[in-house]
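Hello,

Here is the structure I said I would pass on to you. Please have a look at it first, and then read my notes below.

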Amino acid sequence: MRPTRFKNPQAEDGQFQLRLIVAYVFMLLMFCLLIARFVWLQVYQYEHFSTLAQNNRISLLPILPNRGLIMDRNGVILAQNYSAYTLELVPSKMPDMNATIAELAKLVNITPRDEKLFKKLLGESKDFESIPLKVKLTEEEAARVAANAWRFPGVQVKARLFRDYPYKELTSHVLGYIGRINQKDQERLDDEDKSTNYKGTNYIGKTGLEAVYEDDLHGQVGFEEVETDSGGRAIRSLRRTPPVNGNNLKLALDIRLQEVADKLFGNRRGALVAIDPQTGGVLAFLSKPGFDPNLFIDGIDSQSWAALNNDWQKPMINRALRGTYPPGSTFKPFMAMAALETHSIGMHDVRPAPAFFTLPGSSHQFRDSNKNGNGSANLAKAIQVSSDTFFYKLAWDMGIDKIAPTVGQFGLGRPTGIDLDGEASGVLPTKEWKAKRFARYKEEFRRWYPADVVSIGIGQGFNSYTPLQMANGIATLANDGVAYKPHLVQEVVDARSGKSRLIAAKPDHVLPFKQENFEYVKAAMQSVLKPGGTAWRLGVGLPYTMAGKTGTAQVVAIKQGAKYNASALAEQYRDHSWFVAFAPVEKPRIAVAIIVENAGFGAAAAAPIARGLFDYYITGKVPGSISGDLKTVPMDTADDAAAASD
Amino acid sequence: MTLQPHLIKRLWLAIKAPLDGPLMIILGLIFALSLVVLYSANNQGLDKIDNKLVYTLLSLTIMWLLARSRPQSIMNFAPPIYGIGVVLLLAVHFKGVTVNGSTRWLELGITRIQPSEIMKIALPMMLAWFFQKYELSMRWWHYLVAAVMIAIPCALVLKQPDLGTTMLIAASGFFVLFFVGLPWKVILGGMIAAGASMPVVWNMLHDYQRRRVMTMIDPMEDPLGAGYHIIQSMIAIGSGGPWGKGWLNGTQTHLDYIPERTTDFIFAVYSEEFGLVGNIVLVILYTLVLSRAMMITAGAQTLYGRAMAGAITLSFFVYAFVNMGMVAGILPVVGVPLPFVSYGGTATVTLFVGMGMLMSIGNARR
């Protein structure tokens with residue numbers, strides 16, 4: 001080990017002292033540089049900075065962009081802005097807040113609800129933020145406060161744009177709502193580097209399309225550099241960068257159709273999703289009951305919140321998007337596709353369809369919904385009469401491994417990718433799914449039993465899908481396997497250029513199934529509405545062609561040997577009524593999935609809604625039972641409304 | 001009765017003995033000045049003054065304990081402290097608390113610590129210890145080992161991400177190398193290489209870091225966002241003029257225009273109220289600290305002493321220069337407090353620890 005350098009203490013010392021001097025000189029030079037900078041700022045630029053600081057303080061005022069409008073496919077406005085005065089307080093600038101509020105109450109009508117809301121916002125905000133005490137002042141109130149403004153430091157009357165959802169409950173589960181930016185939103189904006197763009201903005205999309213398309217709707221904040229005097233009043237504008245208004249959303253949804261669907265539902269609970277199979281555009285998207293989104297914009301008061309939260313009908317839940325239900329017999333068309341594609345049955349094979357089905361070596365009876373059975377049937381007839389025993393046997397013969405892959409391609413059991421947040425994925429049962437789902441349980445619960453598949457064959461068992469998935473699946477089936485991603489927004493219209501950005505204009509994928517199989521299943525579904533079919537009543541006097549499938553989803557299991565007796569069961573335990581359909585059969589323009597909760601047989605409750613809906617969509621005829629109630633603007637004036645809003 | 005003054009005198013002598021007189025006087029002046037500024041910056045509130053007195057007293061105690069220890073004994077703690085520092089940084093990486101997108105803190109139940117702060121002292125200690133140990137058998141590859149010792153904490157802190165602290169830690173390590181005799185041609189070569197790699201580094205930076213650099217070049221680019229701090233603090237300094245607006249009369253300060261005005265931007269408050277004259281006084285005080293520290297460094301007897309004292313001195317300079325440069329708009333905004341003036345306990349403890357070690361090295365030559 002020979003050192004690289006010969007050690008020489010004197011040389012080392014000299015070397016070290018030299019370095020010390022170099023470092024010292026360097027530091028002194030850098031400090032001189034700093035002093036030079038100070039001289040530049042404080043002597044040469046003194047006048048400039050002094051002017052900025054002392055007499056005319058420059059402030060930068062954000063100019064808020066107008067939030068984009070949301071309109072339906074015909075240009076009817078679903079979410080709009082209107083201007084109104086608000087009374088706002090800045091707590092840090094007020095000597096005695098309670099006294100000020102008491103004084104203000106003499107000038108404007110401040111309700112206990114206003115005050116409660118203000119206290120709540122006060123707790124969530126910082127001292128120097130401007131907090132609204134009363135929104136939507138009348139002209140007279142605004143004038144009165146403005147005339148007395150000198151008495152109230154920290155009190156401002158501001159003209160602001162407000163969001164309004166004119167169709168309230170009707171669009172609540174589609175549009176969602178905006179609300180005040182809270183701590184969590186603020187942190188997210190900071191993380192995403194968007195807080196500058198939200199300077200002066202108090203609102204942000206919280207749920208629904210308002211949240212998903214937030215970046216489009218919000219726009220780009222502008223700012224104005226103004227000179228202010230010592231009292232903070234603006235004297236003149238120096239520079240102005242205008243804001244860029246938010247982009248408008250044009251939906252595929254037809255608000256008239258949405259209202260027809262809503263009226264057909266009446267007071268019943270459930271969900272309806274209608275899709276244009278040719279584009280994937282969502283024509284109607286309903287979850288009943290809804291709620292009034294306008295309540296949430298300025299923070300909901302505790303009374304209304306409690307009322308919504310404690311309602312046993314759960315109006316806040318988006319059933320179409322997040323409700324998962326066993327599909328019942330509406331699953332059978334997909335089963336039929338799986339059977340044909342895997343060659344598990346021929347198109348003309350006739351098999352027994354008795355009153356009940358038993359597994360070899362078991363006494364358990366899987367009963368048919370028709371207590372006498374249907375004798376025997378081929379696949380098409382089994383769909384038409386909805387024979388359970390036929391499909392029990394079919395499922396048993398096929399096994400889950402032949403069913404799940406085909407059915408899964410229709411999008412069942414996974415999120416469809418619609419432009420809404422929080423979509424439920426549902427359950428398409430497979431062996432792997434069961435092992436994972438019950439991983440924490442004993443082996444006997446995790447294991448896949450051959451018998452598990454039997455009830456899956458008729459859409460019961462572990463099957464569980466959202467109404468949106470069912471509508472999407474039926475639309476794909478109706479469109480011969482050309483699948484689109486369902487989307488509520490059809491185009492995003494740029495506020496400046498007027499150019500549109502189309503959403504999902506191209507097919508997402510094409511299912512690799514035989515055309516003749518599609519034709520066969522669709523014809524079978526068409527026969528459901530013909531004499532002998534479970535929904536034959538619906539087919540009476542039909543001016544166009546329609547295909548459908550009824551379904552009844554069990555909510556509770558009925559004991560062996562017992563009979564289902566609706567009147568004996570509490571309402572929440574009665575069966576759900578399903579109907580899926582599309583029309584016209586030759587070139588489908590609309591596909592729908594409808595579930596009416598606890599309403600019994602599919603043919604009884606859900607199916608008539610589909611007929612009314614299709615009648616309106618295809619022939620323009622408003623169903624007689626509801627024609628008097630429609631509130632939405634008629635089609636011919638819709639364009640005028642859109643023009644007026646620009 | 002007659003014993004009492006005698007006792008006090010003895011106690012005074014015992015306390016005074018390990019401390020460096022000139023350094024204590026200059027630091028005392030800076031401290032007095034910092035209280036004056038803090039009172040104004042905190043809108044004449046006394047709460048922060050109280051806190052500052054408490055943590056300064058605590059820091060002084062630590063400094064005193066270090067000053068009366070032999071450098072040799074302090075040096076022996078270098079490997080364990082460095083080791084603990086690295087472990088804590090790893091802990092931050094896996095279990096740290098994330099604030100504003102950076103993971104810098106470790107939750108310890110009662111308090112949060114920032115392990116990167118420990119590294120500012122631990123890294124130069126470790127390097128100085130290492131070179132002392134191999135002083136007589138130094139070969140070129142010892143520099144490679146040292147480079148790895150620098151790279152480990154730097155990589156971990158950079159990952160948090162905390163570019164400012166990374167550069168401070170790297171600088172403190174480099175200073176040790178500089179004083180143990182890293183050849184000039186390596187230094188110059190390194191500088192050229194660093195200059196050449198700037199575009200690569202630029203691509204590796206986070207968006208917010210790039211924005212800070214861009215903001216420094218043109219603050220008006222983003223006047224509502226990132227440029228706001230810089231514009232407002234430059235207005236404060238510039239409008240202070242040659243003589244300042246006078247104590248408690250800073251309009252920028254008292255109208256809430258200066259962000260972080262008790263911590264990182266306290267210099268803007270000082271500069272607005274005391275003007276160019278005040279700035280020069282502060283820079284002179286800092287220069288005096290540096291000069292005295294340089295003298296101690298020059299008199300150090302061991303390689304460890306020289307390297308450590310030199311690194312502490314230069315690091316101190318970097319803190320002061322970077323903070324004032326950032327507030328004056330010639331350096332990007334990085335979270336570096338103004339030494340001995342900014343409000344904040346952690347940074348103060350680190351500074352006094354450095355001073356204590358410096359005094360310990362100074363005492364060893366007597």
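How many bridges join strand 11 of chain A to strand 12 of chain A, and do the two run parallel or antiparallel? Before the reply, please keep in mind that this is a predicted model.

Strand 11 (residues 270-275) and strand 12 of chain A run antiparallel, and six bridges join them. One pair to look for is Leu272(A) with its bridge partner in strand 12 of chain A, Leu286(A). The two strands form a hairpin with six residues between them, and there Gly280(A) takes a positive phi near 80°. Strand 12 of chain A covers residues 282-288, and seven of its seven residues are buried, so this strand is largely enclosed by the rest of the structure.

Now for chain A as a whole. Its secondary structure comes to 23 helices and 23 strands. Of its 646 residues, 42% count as buried. If you take the contacts in chain A between residues at least 6 apart in sequence, 75% of them join residues at least 24 apart.

Next, the place where the two chains meet. Chain A gives 38 residues to the contact and chain B gives 44. On the side of chain A that touches chain B, the elements giving two or more residues are helix 1 (9-44), helix 2 (46-53), strand 1 (57-63) and helix 7 (183-191) of chain A. Helix 1 of chain A supplies the largest share of that side, with 18 residues. Sorted by class, this side of chain A has 22 nonpolar, nine polar and seven charged residues.

Val99(B) has Ser102(B), in strand 2 of chain B, as its bridge partner.

Is Ser233(B) buried or exposed? Ser233(B) has 29 other C-beta atoms within 10 Å, and 20 or more are needed to count as buried, so it is buried. Beyond its neighbours within four places in sequence, Ser233(B) is in contact with Ile258(B), Phe265(B), Ala268(B) and Val327(B). Thr253(B) is 20 residues away from Ser233(B) in sequence, and their C-alpha atoms are 9.2 Å apart in space.

Enjoy exploring!

Best wishes

Terms used. Residues numbered from 1 in each chain as written. Chains lettered and ligands numbered in written order. Predicted model: local features only at pLDDT ≥ 70, side-chain atom pairs only at ≥ 80, totals over all residues. Pairing = 2+ DSSP bridges. Helix = DSSP H or I, 4+ residues; strand = E, 2+ residues; numbered from the N terminus. Contact = placed C-beta atoms within 7 Å. Nonpolar A, V, L, I, M, F, W, Y, C, P; charged D, E, K, R; others polar. Buried ≥ 20, exposed ≤ 12 C-beta atoms within 10 Å, placed from the backbone.
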